[in-house]
Amino acid sequence: MESTSDALLGPADIRELAEVLGVRPTKQKGQNFVIDANTVRRIVRTAEVRPDDVVVEVGPGLGSLTLALLEAADRVVAVEIDDILAAALPATIEARLPRKKDHFALVHSDAMLVTELPGPAPTALVANLPYNVAVPVLLTMLDRFPSIERTLVMVQAEVADRLAAEPGNKVYGVPSVKANWYAHVKRAGSIGRKVFWPAPNVDSGLVSLVRRTEPIKTTASKAEVFAVVDAAFAQRRKTLRAALAGWAGSAAGAEAALVAAGISPQARGESLTVEEFAAIAEHKPAPERPAL
């Protein structure tokens, strides 16, 4: 049986693999490969991956995190958009962790387009997400795969702060509220620049999301709630009475919805919880019918 240290990729392994494949990490694809085995072990530990977990990983790259996940979980499904990386990953798994090769599946696709995954339903999402698409990919995966109970993503520190922000925080906004719709969100650590190749010019952060066991209690649909959230933050400096005027059909309509939801029309979006946005959505005024 392989020992942990032998199976995982170190800096020399990563560079050698990239050279063989002719891969140069590109900024355009947001590629920064993790080259430190201790960091991937820490991510797996922080994600609390269990032996019975089915983990989905988005953007596995050369496979450094994939191998660590496979050692800890029952099964890993990796979603990779890059043609060369997707083609090479199964061989890397077979070479370095042969006993788990049948517990690995690759989906060669853009994560935003994936609507189903092979095998049993995923129970966890663990990923080093490309900075430019981190939030949409995260929210899409949580939405499409409700069986995902626990998520741990590594994202740009600024995005991590935004996702985990609470009402009243100046970086609290659309990602914070929408992530909260699905899960309880918190910062789960920081990651330095030196563990990546190439080293990015920003710090990274870990975000933990534990899915709500009870969904937000509301008669409004997710789409209706998210429409209020988007409207409130599109003009975040304005009061909600003004910011929601377009959504409600008029400023007076917005005021009526806010008052009915028990929220001050003078409040701003950054002070509201996801439950309060849901309450506003429930009181959306009916569109006025044109006079005959």
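Reader: Which residues does V225 touch, leaving out those up to four places away in sequence?
Author: In this predicted model, V225 touches W181, A220, F277, A278 and A281.

Reader: And which residues touch the most other members of the largest nonpolar core?
Author: That core has 63 residues, and V225 belongs to the group with the most such contacts, together with L129, L209, L244, F277 and I280. A second, separate core has 40 residues, among them V40, V49, L65 and A68.

Reader: Where is V225 in the contact between helix 8 and helix 9?
Author: V225 lies on the helix 9 side, with K222, F226, V229, D230 and F233. These residues meet V174, V177, K178, W181 and Y182 of helix 8. By class, the contact has eight nonpolar, no polar and three charged residues.

Reader: At what angle do the two helices pack?
Author: Helix 8 (residues 174-182) and helix 9 (residues 222-234) pack at about 160°, and their axes are 10 Å apart. Angles over 145 degrees count as roughly antiparallel, so that term describes this pair. The crossing of helix 8 past helix 9 is right-handed.

Reader: New topic: is T151 buried or exposed?
Author: T151 counts as buried because its relative accessibility is 5%, and the cut-off for buried is under 20%. T151 sits in strand 6 (residues 150-156).

Reader: What is T151 in contact with, leaving aside neighbours within four places in sequence?
Author: T151 is in contact with L125, L138, L142, V207, S208 and L209.

Reader: Finally, why is helix 4 described as largely enclosed?
Author: Seven of the nine residues of helix 4 (residues 64-72) are buried, so the rest of the structure largely encloses this helix. The buried residues are S64, L65, T66, L67, A68, L69 and L70.

Key: Residues are numbered from 1 along each chain as its sequence is written. This is a predicted model: local features need pLDDT of at least 70, side-chain atom pairs count only at pLDDT 80 or more; totals for chains, interfaces and linings use all residues. Side-chain values use heavy atoms; hydrogens and water are left out. A nonpolar core is a set of buried Ala, Val, Leu, Ile, Met, Phe, Trp, Tyr and Cys residues joined through side-chain atoms within 4.5 Å. Buried means under 20% relative accessible area, exposed over 50%, partly exposed in between (1.4 Å probe, protein chains only). Contact means heavy atoms within 4.5 Å. Helices (H or I, at least four residues) and strands (E, at least two) are DSSP runs, numbered from the N terminus. Axes are lines fitted to C-alpha atoms, for helices over the stretch in contact, and angles run from 0 to 180 degrees between N-to-C directions. Angles under 35 degrees count as roughly parallel, over 145 as roughly antiparallel, 65 to 115 as roughly perpendicular and the rest as oblique. A crossing is left-handed if the near helix is turned anticlockwise from the far one by less than a right angle, and right-handed if clockwise. Ala, Val, Leu, Ile, Met, Phe, Trp, Tyr, Cys and Pro count as nonpolar, Asp, Glu, Lys and Arg as charged, and the others, Gly among them, as polar.
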